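Hi,

Here is the structure I promised to pass on.

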Amino acid sequence: MGCKNGDRLLNDLRSRFSRVLARPETYLANHSLGRPLDQMSHDVQEGLDAWVRGMDSAWQLWMAEFERFERNILALTGMSGAVVHKNSVGQGLRAVLNALPTPVRVVTSSSEFDSVDFILREYERRSLVAVDWVEPSGAESGIPKFVAEDFLDRIVPGVGLVIISLVIFTTGQVVPGVKEIIKKAHEVGAKVFLDSYHAAGVFTWGYPDADFVAGGSYKYLRGGPGACWLVVHPRNLNMQTLDTGWFAKARTFDFLKEDQRAEGGKGWWESTPSPLPLFQARSGLEFTLEVGVAEIRRLTLERLRALREGLAPLGGFDPQNEAEWGGFCLLPSAESVDIVAALKEQGINVDARQGIVRFGPDLLTTPEEIEKAVAACQSLSLART
Ligand SMILES: Cc1ncc(COP(=O)(O)O)c(C=O)c1O
(Lines give C-alpha, C1' and ligand atoms only; values in the text may rest on other atoms or scores of the structure.)
Protein backbone atom coordinates (compact mmCIF):
# COMPACT_ATOMS: atom_id res chain seq x y z
CA MET A 1 0.00 0.00 0.00
CA GLY A 2 3.02 2.25 0.62
CA CYS A 3 4.06 2.58 -3.04
CA LYS A 4 2.55 5.01 -5.54
CA ASN A 5 1.27 2.33 -7.91
CA GLY A 6 -0.33 0.53 -5.00
CA ASP A 7 -2.06 3.76 -3.96
CA ARG A 8 -3.35 4.31 -7.48
CA LEU A 9 -4.64 0.78 -7.65
CA LEU A 10 -6.42 1.15 -4.31
CA ASN A 11 -7.96 4.46 -5.36
CA ASP A 12 -9.17 2.77 -8.51
CA LEU A 13 -10.72 0.00 -6.44
CA ARG A 14 -12.26 2.49 -4.03
CA SER A 15 -13.91 4.34 -6.93
CA ARG A 16 -16.02 1.22 -7.50
CA PHE A 17 -17.57 1.64 -4.05
CA SER A 18 -18.49 5.33 -4.28
CA ARG A 19 -21.99 4.92 -2.87
CA VAL A 20 -21.17 3.01 0.27
CA LEU A 21 -17.99 5.03 0.86
CA ALA A 22 -20.09 8.20 0.88
CA ARG A 23 -21.43 7.10 4.26
CA PRO A 24 -20.00 9.34 6.99
CA GLU A 25 -18.61 6.50 9.06
CA THR A 26 -15.43 4.55 9.77
CA TYR A 27 -16.60 1.09 8.90
CA LEU A 28 -14.72 -1.70 10.66
CA ALA A 29 -17.45 -4.35 10.61
CA ASN A 30 -16.48 -5.85 7.26
CA HIS A 31 -16.17 -9.23 8.98
CA SER A 32 -19.91 -8.97 9.58
CA LEU A 33 -21.74 -7.23 6.74
CA GLY A 34 -19.47 -6.63 3.74
CA ARG A 35 -19.59 -3.40 1.74
CA PRO A 36 -21.25 -3.65 -1.71
CA LEU A 37 -19.88 -2.40 -5.01
CA ASP A 38 -21.87 0.27 -6.86
CA GLN A 39 -22.39 -2.39 -9.53
CA MET A 40 -24.49 -4.48 -7.13
CA SER A 41 -27.65 -2.40 -7.61
CA HIS A 42 -27.30 -2.57 -11.41
CA ASP A 43 -26.98 -6.34 -11.29
CA VAL A 44 -30.10 -6.70 -9.16
CA GLN A 45 -31.88 -4.35 -11.55
CA GLU A 46 -30.83 -6.60 -14.44
CA GLY A 47 -32.44 -9.58 -12.72
CA LEU A 48 -35.61 -7.61 -12.04
CA ASP A 49 -35.81 -6.11 -15.54
CA ALA A 50 -35.70 -9.59 -17.05
CA TRP A 51 -38.88 -10.34 -15.14
CA VAL A 52 -40.72 -7.11 -15.99
CA ARG A 53 -39.73 -7.17 -19.66
CA GLY A 54 -39.73 -10.89 -20.31
CA MET A 55 -42.08 -12.39 -17.73
CA ASP A 56 -41.57 -16.20 -17.80
CA SER A 57 -38.70 -15.95 -20.31
CA ALA A 58 -36.74 -14.36 -17.44
CA TRP A 59 -36.03 -17.90 -16.28
CA GLN A 60 -33.41 -18.24 -19.04
CA LEU A 61 -31.37 -15.40 -17.60
CA TRP A 62 -32.10 -16.49 -14.04
CA MET A 63 -30.96 -20.07 -14.65
CA ALA A 64 -27.80 -18.79 -16.34
CA GLU A 65 -27.10 -16.86 -13.14
CA PHE A 66 -27.13 -20.10 -11.13
CA GLU A 67 -24.49 -21.50 -13.52
CA ARG A 68 -22.40 -18.35 -13.15
CA PHE A 69 -22.69 -18.56 -9.35
CA GLU A 70 -21.62 -22.21 -9.48
CA ARG A 71 -18.52 -21.43 -11.61
CA ASN A 72 -17.55 -18.58 -9.30
CA ILE A 73 -17.99 -20.59 -6.09
CA LEU A 74 -15.96 -23.50 -7.50
CA ALA A 75 -13.19 -21.03 -8.42
CA LEU A 76 -13.34 -19.51 -4.94
CA THR A 77 -13.35 -22.76 -2.99
CA GLY A 78 -11.05 -24.76 -5.28
CA MET A 79 -13.57 -27.59 -5.15
CA SER A 80 -15.01 -29.76 -7.87
CA GLY A 81 -18.51 -31.19 -7.54
CA ALA A 82 -21.76 -29.30 -7.46
CA VAL A 83 -22.72 -25.95 -5.96
CA VAL A 84 -26.21 -25.79 -4.53
CA HIS A 85 -27.61 -22.36 -3.82
CA LYS A 86 -28.89 -22.02 -0.26
CA ASN A 87 -30.35 -19.03 1.55
CA SER A 88 -28.20 -19.71 4.58
CA VAL A 89 -25.45 -21.95 5.85
CA GLY A 90 -27.97 -23.43 8.26
CA GLN A 91 -30.10 -24.53 5.33
CA GLY A 92 -27.04 -26.23 3.84
CA LEU A 93 -26.31 -27.99 7.12
CA ARG A 94 -29.87 -29.29 7.41
CA ALA A 95 -29.69 -30.66 3.86
CA VAL A 96 -26.58 -32.64 4.84
CA LEU A 97 -27.94 -33.82 8.20
CA ASN A 98 -31.13 -34.90 6.46
CA ALA A 99 -29.16 -37.00 3.99
CA LEU A 100 -27.54 -39.16 6.68
CA PRO A 101 -29.06 -42.13 8.52
CA THR A 102 -30.24 -41.04 11.97
CA PRO A 103 -29.22 -40.76 14.67
CA VAL A 104 -26.01 -39.19 13.33
CA ARG A 105 -23.01 -39.11 15.63
CA VAL A 106 -21.58 -35.62 15.15
CA VAL A 107 -18.24 -34.21 16.26
CA THR A 108 -18.18 -30.42 16.24
CA SER A 109 -16.70 -27.54 18.18
CA SER A 110 -18.35 -25.62 20.98
CA SER A 111 -17.48 -22.48 18.96
CA GLU A 112 -19.64 -22.89 15.90
CA PHE A 113 -21.79 -19.95 14.88
CA ASP A 114 -25.19 -19.77 16.56
CA SER A 115 -27.05 -20.89 13.46
CA VAL A 116 -25.15 -24.18 13.23
CA ASP A 117 -25.10 -24.55 16.99
CA PHE A 118 -28.85 -23.97 17.40
CA ILE A 119 -29.78 -26.36 14.60
CA LEU A 120 -27.60 -29.09 16.12
CA ARG A 121 -29.15 -28.58 19.55
CA GLU A 122 -32.65 -28.86 18.07
CA TYR A 123 -31.69 -32.06 16.22
CA GLU A 124 -30.14 -33.33 19.44
CA ARG A 125 -33.32 -32.59 21.39
CA ARG A 126 -35.23 -34.71 18.88
CA SER A 127 -32.62 -37.53 19.11
CA LEU A 128 -31.74 -37.12 15.44
CA VAL A 129 -28.10 -36.45 16.26
CA ALA A 130 -25.77 -37.17 19.17
CA VAL A 131 -23.23 -34.39 19.39
CA ASP A 132 -19.74 -34.54 20.84
CA TRP A 133 -18.93 -30.87 21.51
CA VAL A 134 -15.20 -30.15 21.32
CA GLU A 135 -13.75 -27.41 23.54
CA PRO A 136 -10.51 -25.61 22.71
CA SER A 137 -7.70 -27.01 24.87
CA GLY A 138 -5.20 -24.21 24.28
CA ALA A 139 -5.04 -20.44 24.68
CA GLU A 140 -2.88 -17.51 23.70
CA SER A 141 -2.93 -14.38 25.87
CA GLY A 142 -6.29 -15.47 27.24
CA ILE A 143 -7.87 -16.13 23.81
CA PRO A 144 -9.03 -19.78 23.54
CA LYS A 145 -7.30 -21.81 20.83
CA PHE A 146 -8.04 -25.19 19.29
CA VAL A 147 -5.28 -27.64 18.45
CA ALA A 148 -5.82 -30.31 15.80
CA GLU A 149 -5.76 -33.08 18.43
CA ASP A 150 -8.86 -31.58 20.08
CA PHE A 151 -10.77 -32.88 17.05
CA LEU A 152 -8.56 -35.79 15.97
CA ASP A 153 -8.90 -37.56 19.34
CA ARG A 154 -12.70 -37.47 19.11
CA ILE A 155 -13.02 -38.78 15.55
CA VAL A 156 -13.55 -42.47 16.21
CA PRO A 157 -15.44 -45.29 14.47
CA GLY A 158 -19.17 -44.62 14.66
CA VAL A 159 -18.87 -40.89 14.05
CA GLY A 160 -20.93 -39.97 11.00
CA LEU A 161 -20.25 -36.27 10.52
CA VAL A 162 -17.55 -33.78 11.53
CA ILE A 163 -18.57 -30.13 11.40
CA ILE A 164 -15.98 -27.38 11.71
CA SER A 165 -15.60 -23.72 10.90
CA LEU A 166 -12.44 -22.93 8.99
CA VAL A 167 -12.17 -19.70 11.00
CA ILE A 168 -13.84 -19.38 14.41
CA PHE A 169 -16.37 -16.52 14.43
CA THR A 170 -15.61 -15.22 17.94
CA THR A 171 -11.82 -15.35 18.04
CA GLY A 172 -10.88 -15.46 14.35
CA GLN A 173 -8.69 -18.50 14.92
CA VAL A 174 -7.92 -20.44 11.75
CA VAL A 175 -8.67 -24.01 12.82
CA PRO A 176 -5.43 -26.01 12.54
CA GLY A 177 -4.98 -29.46 11.01
CA VAL A 178 -8.08 -29.49 8.79
CA LYS A 179 -6.35 -31.77 6.25
CA GLU A 180 -5.58 -34.32 8.99
CA ILE A 181 -9.10 -33.96 10.37
CA ILE A 182 -10.59 -34.75 6.94
CA LYS A 183 -8.23 -37.71 6.52
CA LYS A 184 -9.04 -39.14 9.95
CA ALA A 185 -12.77 -38.64 9.39
CA HIS A 186 -12.63 -40.53 6.14
CA GLU A 187 -10.63 -43.33 7.76
CA VAL A 188 -13.45 -43.92 10.26
CA GLY A 189 -16.16 -43.52 7.59
CA ALA A 190 -17.35 -40.05 8.60
CA LYS A 191 -18.20 -37.14 6.31
CA VAL A 192 -16.83 -33.63 6.83
CA PHE A 193 -18.85 -30.41 6.63
CA LEU A 194 -16.76 -27.21 6.58
CA ASP A 195 -18.31 -23.85 7.42
CA SER A 196 -16.25 -21.40 5.38
CA TYR A 197 -18.18 -18.24 6.26
CA HIS A 198 -15.28 -16.48 7.98
CA ALA A 199 -12.76 -17.68 5.42
CA ALA A 200 -14.54 -17.17 2.11
CA GLY A 201 -13.13 -14.10 0.38
CA VAL A 202 -10.51 -13.22 2.98
CA PHE A 203 -8.47 -16.35 3.59
CA THR A 204 -7.15 -18.92 1.13
CA TRP A 205 -7.70 -22.56 1.89
CA GLY A 206 -7.65 -25.73 -0.12
CA TYR A 207 -9.54 -28.79 1.05
CA PRO A 208 -10.78 -30.34 -2.19
CA ASP A 209 -11.40 -33.59 -0.34
CA ALA A 210 -13.97 -32.15 2.08
CA ASP A 211 -17.38 -33.70 1.63
CA PHE A 212 -19.37 -30.50 1.99
CA VAL A 213 -18.32 -26.85 2.13
CA ALA A 214 -20.90 -24.24 3.04
CA GLY A 215 -20.47 -20.49 3.04
CA GLY A 216 -22.17 -17.26 2.19
CA SER A 217 -21.82 -13.85 0.62
CA TYR A 218 -22.93 -11.67 3.52
CA LYS A 219 -19.46 -10.89 4.88
CA TYR A 220 -16.18 -10.69 2.98
CA LEU A 221 -17.81 -11.47 -0.36
CA ARG A 222 -19.87 -8.25 -0.34
CA GLY A 223 -23.01 -9.96 -1.59
CA GLY A 224 -25.56 -9.41 1.18
CA PRO A 225 -27.96 -11.97 2.62
CA GLY A 226 -29.48 -14.92 0.80
CA ALA A 227 -26.59 -15.91 -1.47
CA CYS A 228 -25.15 -18.87 0.39
CA TRP A 229 -24.02 -22.19 -0.98
CA LEU A 230 -23.39 -25.82 -0.28
CA VAL A 231 -20.62 -27.40 -2.32
CA VAL A 232 -21.17 -31.15 -2.58
CA HIS A 233 -18.12 -33.29 -3.35
CA PRO A 234 -18.63 -35.51 -6.45
CA ARG A 235 -18.55 -38.64 -4.27
CA ASN A 236 -21.66 -37.43 -2.40
CA LEU A 237 -23.81 -36.38 -5.31
CA ASN A 238 -25.89 -39.54 -5.21
CA MET A 239 -26.82 -39.12 -1.52
CA GLN A 240 -30.49 -38.28 -1.19
CA THR A 241 -31.49 -35.58 1.26
CA LEU A 242 -34.96 -35.15 2.71
CA ASP A 243 -34.67 -31.44 1.92
CA THR A 244 -36.01 -31.79 -1.56
CA GLY A 245 -38.58 -30.32 -3.92
CA TRP A 246 -39.69 -30.32 -7.52
CA PHE A 247 -36.47 -28.74 -8.83
CA ALA A 248 -34.64 -31.87 -7.64
CA LYS A 249 -36.74 -34.08 -9.93
CA ALA A 250 -35.15 -35.58 -13.05
CA ARG A 251 -37.81 -34.01 -15.28
CA THR A 252 -39.06 -31.03 -13.34
CA PHE A 253 -41.34 -29.68 -16.04
CA ASP A 254 -42.92 -33.00 -17.02
CA PHE A 255 -44.94 -32.90 -13.78
CA LEU A 256 -44.76 -36.67 -13.29
CA LYS A 257 -45.91 -37.96 -9.91
CA GLU A 258 -43.49 -40.90 -10.06
CA ASP A 259 -40.43 -38.96 -11.23
CA GLN A 260 -36.90 -39.91 -10.15
CA ARG A 261 -34.46 -37.65 -8.42
CA ALA A 262 -32.16 -35.79 -10.85
CA GLU A 263 -28.59 -37.02 -11.09
CA GLY A 264 -25.69 -34.84 -10.03
CA GLY A 265 -25.99 -31.52 -8.21
CA LYS A 266 -29.57 -30.91 -9.32
CA GLY A 267 -30.66 -33.81 -7.12
CA TRP A 268 -29.67 -31.57 -4.17
CA TRP A 269 -31.90 -28.69 -5.27
CA GLU A 270 -35.22 -28.06 -3.52
CA SER A 271 -38.34 -26.15 -4.51
CA THR A 272 -38.53 -23.12 -6.83
CA PRO A 273 -35.12 -21.45 -6.47
CA SER A 274 -34.64 -17.74 -5.79
CA PRO A 275 -32.35 -16.13 -8.36
CA LEU A 276 -32.26 -12.48 -7.20
CA PRO A 277 -29.78 -13.00 -4.33
CA LEU A 278 -27.34 -14.32 -6.91
CA PHE A 279 -27.54 -11.08 -8.89
CA GLN A 280 -27.01 -9.25 -5.62
CA ALA A 281 -23.92 -11.39 -4.91
CA ARG A 282 -22.40 -11.38 -8.40
CA SER A 283 -20.29 -8.20 -8.25
CA GLY A 284 -18.75 -8.92 -4.85
CA LEU A 285 -17.88 -12.46 -5.79
CA GLU A 286 -16.33 -11.46 -9.09
CA PHE A 287 -14.51 -8.55 -7.47
CA THR A 288 -12.99 -11.02 -5.00
CA LEU A 289 -11.88 -13.33 -7.79
CA GLU A 290 -10.53 -10.39 -9.79
CA VAL A 291 -8.41 -8.97 -6.95
CA GLY A 292 -7.58 -12.47 -5.71
CA VAL A 293 -8.01 -13.78 -2.19
CA ALA A 294 -4.23 -13.89 -1.63
CA GLU A 295 -3.97 -10.17 -2.42
CA ILE A 296 -7.04 -9.39 -0.28
CA ARG A 297 -5.38 -11.31 2.55
CA ARG A 298 -2.13 -9.35 2.09
CA LEU A 299 -3.95 -6.00 2.20
CA THR A 300 -6.09 -7.10 5.15
CA LEU A 301 -3.02 -8.19 7.12
CA GLU A 302 -1.38 -4.78 6.56
CA ARG A 303 -4.39 -3.12 8.12
CA LEU A 304 -4.72 -5.69 10.90
CA ARG A 305 -1.06 -5.14 11.84
CA ALA A 306 -1.62 -1.40 12.20
CA LEU A 307 -4.76 -1.95 14.26
CA ARG A 308 -3.12 -4.56 16.50
CA GLU A 309 -0.15 -2.32 17.12
CA GLY A 310 -2.44 0.53 18.16
CA LEU A 311 -4.75 -1.60 20.29
CA ALA A 312 -2.08 -3.73 22.03
CA PRO A 313 -1.32 -1.12 24.74
CA LEU A 314 -5.08 -1.03 25.48
CA GLY A 315 -5.29 -4.80 25.97
CA GLY A 316 -5.84 -5.72 22.33
CA PHE A 317 -4.87 -9.22 21.30
CA ASP A 318 -1.57 -9.23 19.41
CA PRO A 319 -0.94 -12.80 18.23
CA GLN A 320 2.48 -14.36 17.97
CA ASN A 321 1.70 -15.68 14.49
CA GLU A 322 -0.74 -13.64 12.41
CA ALA A 323 -1.12 -16.54 9.96
CA GLU A 324 -3.12 -18.41 12.60
CA TRP A 325 -5.85 -15.75 12.65
CA GLY A 326 -8.44 -14.63 10.11
CA GLY A 327 -9.81 -11.30 8.90
CA PHE A 328 -10.50 -9.36 12.11
CA CYS A 329 -8.64 -8.40 15.27
CA LEU A 330 -9.73 -8.50 18.87
CA LEU A 331 -10.07 -6.29 21.89
CA PRO A 332 -11.26 -8.47 24.78
CA SER A 333 -13.08 -6.45 27.43
CA ALA A 334 -15.68 -6.90 30.13
CA GLU A 335 -17.25 -3.76 28.66
CA SER A 336 -17.30 -4.89 25.05
CA VAL A 337 -20.93 -3.90 24.47
CA ASP A 338 -20.37 -0.40 25.91
CA ILE A 339 -17.23 0.02 23.83
CA VAL A 340 -19.13 -0.81 20.65
CA ALA A 341 -21.81 1.75 21.58
CA ALA A 342 -19.25 4.43 22.51
CA LEU A 343 -17.33 3.94 19.27
CA LYS A 344 -20.56 4.08 17.31
CA GLU A 345 -21.22 7.50 18.81
CA GLN A 346 -17.89 8.58 17.39
CA GLY A 347 -18.80 7.27 13.95
CA ILE A 348 -16.81 4.04 14.21
CA ASN A 349 -18.66 0.84 13.39
CA VAL A 350 -17.38 -2.34 15.07
CA ASP A 351 -19.16 -5.20 16.85
CA ALA A 352 -18.67 -7.57 19.77
CA ARG A 353 -19.16 -11.29 20.39
CA GLN A 354 -18.89 -12.98 23.78
CA GLY A 355 -16.82 -10.30 25.51
CA ILE A 356 -14.57 -9.52 22.55
CA VAL A 357 -14.78 -6.38 20.41
CA ARG A 358 -14.09 -7.32 16.79
CA PHE A 359 -12.39 -4.86 14.38
CA GLY A 360 -12.68 -5.93 10.75
CA PRO A 361 -10.91 -3.69 8.22
CA ASP A 362 -11.01 -4.45 4.51
CA LEU A 363 -8.97 -3.26 1.55
CA LEU A 364 -11.00 -0.04 1.43
CA THR A 365 -9.93 0.90 4.97
CA THR A 366 -7.44 3.79 5.02
CA PRO A 367 -4.53 4.41 7.45
CA GLU A 368 -6.41 7.52 8.65
CA GLU A 369 -9.43 5.43 9.59
CA ILE A 370 -7.24 3.05 11.56
CA GLU A 371 -5.61 5.97 13.40
CA LYS A 372 -9.04 7.38 14.15
CA ALA A 373 -10.30 4.08 15.55
CA VAL A 374 -7.21 3.58 17.73
CA ALA A 375 -7.39 7.18 19.02
CA ALA A 376 -11.08 6.71 19.84
CA CYS A 377 -10.27 3.56 21.82
CA GLN A 378 -7.50 5.37 23.65
CA SER A 379 -9.99 8.05 24.66
CA LEU A 380 -12.20 5.43 26.36
CA SER A 381 -11.09 4.12 29.71
CA LEU A 382 -11.12 0.42 28.93
CA ALA A 383 -11.83 -2.24 31.49
CA ARG A 384 -9.56 -5.21 30.84
CA THR A 385 -10.58 -8.78 31.45
C1 LIG B 1 -19.06 -19.05 10.95
C2 LIG B 1 -20.45 -18.62 10.54
N3 LIG B 1 -21.26 -19.52 9.95
C4 LIG B 1 -22.50 -19.19 9.57
C5 LIG B 1 -22.98 -17.90 9.73
C6 LIG B 1 -24.36 -17.57 9.27
O7 LIG B 1 -25.22 -18.68 9.36
P8 LIG B 1 -26.62 -18.68 8.58
O9 LIG B 1 -26.28 -18.44 7.15
O10 LIG B 1 -27.20 -20.00 8.83
O11 LIG B 1 -27.44 -17.57 9.15
C12 LIG B 1 -22.16 -16.93 10.35
C13 LIG B 1 -22.58 -15.54 10.59
O14 LIG B 1 -23.30 -14.87 10.05
C15 LIG B 1 -20.87 -17.31 10.75
O16 LIG B 1 -20.06 -16.44 11.36
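**Helix packing, the sheet and the ligand**

H3 and H9 are roughly antiparallel to each other, because their crossing angle of roughly 150 degrees lies over 145. Please keep in mind that this is a predicted model.

To place that pair for you: H3 covers residues 39-54 and H9 residues 276-291, and their axes come within 8 Å. The crossing of H3 and H9 is right-handed. On the H3 side the contact is made by Gln39, Met40, Asp43, Val44, Glu46 and Gly47. From H9 come Leu276, Phe279, Gln280, Arg282, Ser283 and Gly284. By type, the residues of this contact split into 4 nonpolar, 5 polar and 3 charged.

H3 also packs with H4 (residues 58-77): the axes of H3 and H4 come within 8 Å and cross at roughly 160 degrees. H3 is therefore roughly antiparallel to H4. Here H3 contributes Gly47, Ala50, Trp51 and Gly54, while H4 contributes Ala58, Leu61, Trp62 and Glu65. The residues of the contact between H3 and H4 comprise 5 nonpolar, 2 polar and 1 charged. You will notice Gly47 in the contact with H9 and again in the contact with H4.

Now to the sheet. It is an open one of 7 strands with mixed pairing, in the order E2-E10-E9-E8-E7-E3-E4. Strands E2 (82-86) and E4 (129-134) sit at the edges with a single partner strand each, so one side of each has no neighbour in the sheet. On average, neighbouring strands are turned by 20 degrees against each other, direction ignored.

Within the sheet, E3 (residues 104-109) and E7 (residues 161-165) run parallel and are joined by 3 bridges. Val107 stands opposite Val162 in E7.

Helix H5 (residues 89-97) lies across E2, E3, E4, E8 (191-195), E9 (212-216) and E10 (228-232). The helix runs at about 160 degrees to E9.

Finally, which residues come nearest to the ligand? They are Ser88, Gly90, Phe113, Ser115 and Tyr197, out of 13 residues around the ligand. The shell as a whole divides into 6 nonpolar, 6 polar and 1 charged.

Best wishes

Conventions: Residues are numbered from 1 along each chain as its sequence is written. This is a predicted model: local features need pLDDT of at least 70, side-chain atom pairs count only at pLDDT 80 or more; totals for chains, interfaces and linings use all residues. Two strands pair if DSSP finds at least two bridges between them. Helices (H or I, at least four residues) and strands (E, at least two) are DSSP runs, numbered from the N terminus. Axes are lines fitted to C-alpha atoms, for helices over the stretch in contact, and angles run from 0 to 180 degrees between N-to-C directions. Two residues are in contact if their C-beta atoms, placed from the backbone, lie within 7 Å. A residue is near a molecule or strand if its C-beta atom, placed from the backbone, lies within 6 Å of it. Ala, Val, Leu, Ile, Met, Phe, Trp, Tyr, Cys and Pro count as nonpolar, Asp, Glu, Lys and Arg as charged, and the others, Gly among them, as polar. Angles under 35 degrees count as roughly parallel, over 145 as roughly antiparallel, 65 to 115 as roughly perpendicular and the rest as oblique. A crossing is left-handed if the near helix is turned anticlockwise from the far one by less than a right angle, and right-handed if clockwise.
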